[in-house]
Amino acid sequence: MEWWTWITYVGVITALIIFPGPVALLCTTHGLRFGRHRAFATVLGGGVASLVLMTLSALGLGAVLATSETAFFVLKLLGGAYLIYLGLQAWLSAPSSPVATASEPALASVRSTSGLFRQGFLVGIGNPKDLLFFAALFPNFITVGEPQMLQFAILALTWLVIDTTLMTLYATAGAGLGRWFDSPGRLRAFHRTTGGLFLGAGGTLIATSASK
């Protein structure tokens, strides 16, 4: 892989990743509620999900989903349903102080590091479009005649580093808003807004599946 090809790839994926999607929204929410350090587990969960999807794409699953409407439909329904679940959970959250909430033992047991990682992973893995996206993206940056596995590893690790960095910035931004959201009214509005966005994303994913 030539140097300029890699630089072009970095520019393309940075522009794509920085646009806020469900994982970025989740990282911001967890940063607000649990702090930047604990929200890093969410960031890692989303990063691992991307790595899994990239690997599956490289193994040809993206091509399988492109030709199997049933498999694609089922995966989109599952991903949409999980986003709706997260939306309802956020919408119904009690508007308690994020600082106090993060320190409550009961909530801490529910939102353990493994729990935050799992939520990040499930949101990231729940969008099968990424399989098709990676399957379509990578061939544009693979040089024919050179070892493909090495090139794939470079592309995947580059994505993982940039994705983790940008999602950490989202979590940090969420944590920085903690004092501003110390008001129950503002926190309720935040929960309703994020919940609505998750509901909209999940509903759109399901609607676009049903329309095809």
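Visitor: How much of the protein chain is made up of buried residues, and what makes a residue "buried"?

Guide: Buried residues make up 38% of the 212 residues in the protein chain. The word means under 20% relative accessible area, while exposed means over 50% and partly exposed is in between (1.4 Å probe, protein chains only). Bear in mind that this is a predicted model, where local features need pLDDT of at least 70 and side-chain atom pairs count only at pLDDT 80 or more, though totals for chains, interfaces and linings use all residues. Residues are numbered from 1 along each chain as its sequence is written, and side-chain values use heavy atoms, with hydrogens and water left out.

Visitor: What does the secondary structure come to, and what counts as a helix or a strand?

Guide: There are 11 helices and 0 strands in the protein chain. Both kinds are DSSP runs numbered from the N terminus: helices are H or I with at least four residues, strands are E with at least two.

Visitor: What does Thr 42 touch, and what makes something a contact?

Guide: Contact means heavy atoms within 4.5 Å. Not counting residues up to four places away in sequence, Thr 42 touches Leu 26, Cys 27, His 30, Leu 116, Phe 117 and Gly 120.

Visitor: Is Thr 28 buried or exposed, and how do you know?

Guide: Thr 28 is buried, because its relative accessible area is 15%, and the cut-off is under 20%. Thr 28 belongs to helix α2 (residues 22-34). Leaving aside neighbours within four places in sequence, Thr 28 is in contact with Tyr 170, Ala 171 and Gly 174.

Visitor: And Val 48, what is that called?

Guide: With a relative accessible area of 33%, Val 48 is partly exposed. Val 48 lies in helix α3.

Visitor: Which residues form the nonpolar patch on the surface, and what makes it a patch?

Guide: They are Phe 40, Leu 44, Val 48, Val 52 and Phe 117, with about 340 Å² of accessible area together. Patches are made of residues with over 30% relative accessible area and no salt bridge; like charges are joined within 9 Å, nonpolar side chains (Val, Leu, Ile, Met, Phe, Trp, Tyr) within 5 Å. A salt bridge is a side-chain nitrogen of Lys or Arg within 4 Å of a carboxyl oxygen of Asp or Glu, and accessible areas come from the Shrake-Rupley method with a 1.4 Å probe, where for residues only the protein chains shown count as cover. Helix α3 (residues 36-58) gives the patch its largest share, 4 residues.

Visitor: How do you know that the span of α3 agrees with what it should be?

Guide: The expected span is 1.5 Å times one less than the number of residues. The 23 residues of α3 should therefore span 33 Å, and the end C-alpha atoms are 33 Å apart, which agrees. Just after α3, Gly 60 takes a positive phi of about 100°.

Visitor: What about helix α8: how far does it reach, and which of its residues are buried?

Guide: Helix α8 (residues 113-125) has 13 residues and reaches 18 Å from its first C-alpha to its last, close to the 18 Å expected. Its buried residues are Gly 115, Leu 116, Gln 119, Gly 120, Val 123 and Gly 124. They cover an arc of only 165° around the axis, which puts them on the same side of α8; the arc is that of the directions from the helix axis to the C-beta atoms. An α-helix has 3.6 residues a turn, so residues three or four places apart point the same way.

Visitor: Why is Gly 87 called buried, and what does it touch?

Guide: Gly 87 has a relative accessible area of 0%, so it is buried. Its place is helix α5 (residues 69-91). Gly 87 touches Gly 195, Phe 198 and Leu 199, not counting residues up to four places away in sequence. Gly 87 and Thr 193 are 106 residues apart in sequence and 9.2 Å apart in space, C-alpha to C-alpha.

Visitor: Last one: what makes Ile 206 partly exposed?

Guide: Its relative accessible area is 25%, so Ile 206 counts as partly exposed. Ile 206 is in helix α11 (residues 184-210) and touches Leu 77, Gly 80, Ala 81 and Ile 84, not counting residues up to four places away in sequence.
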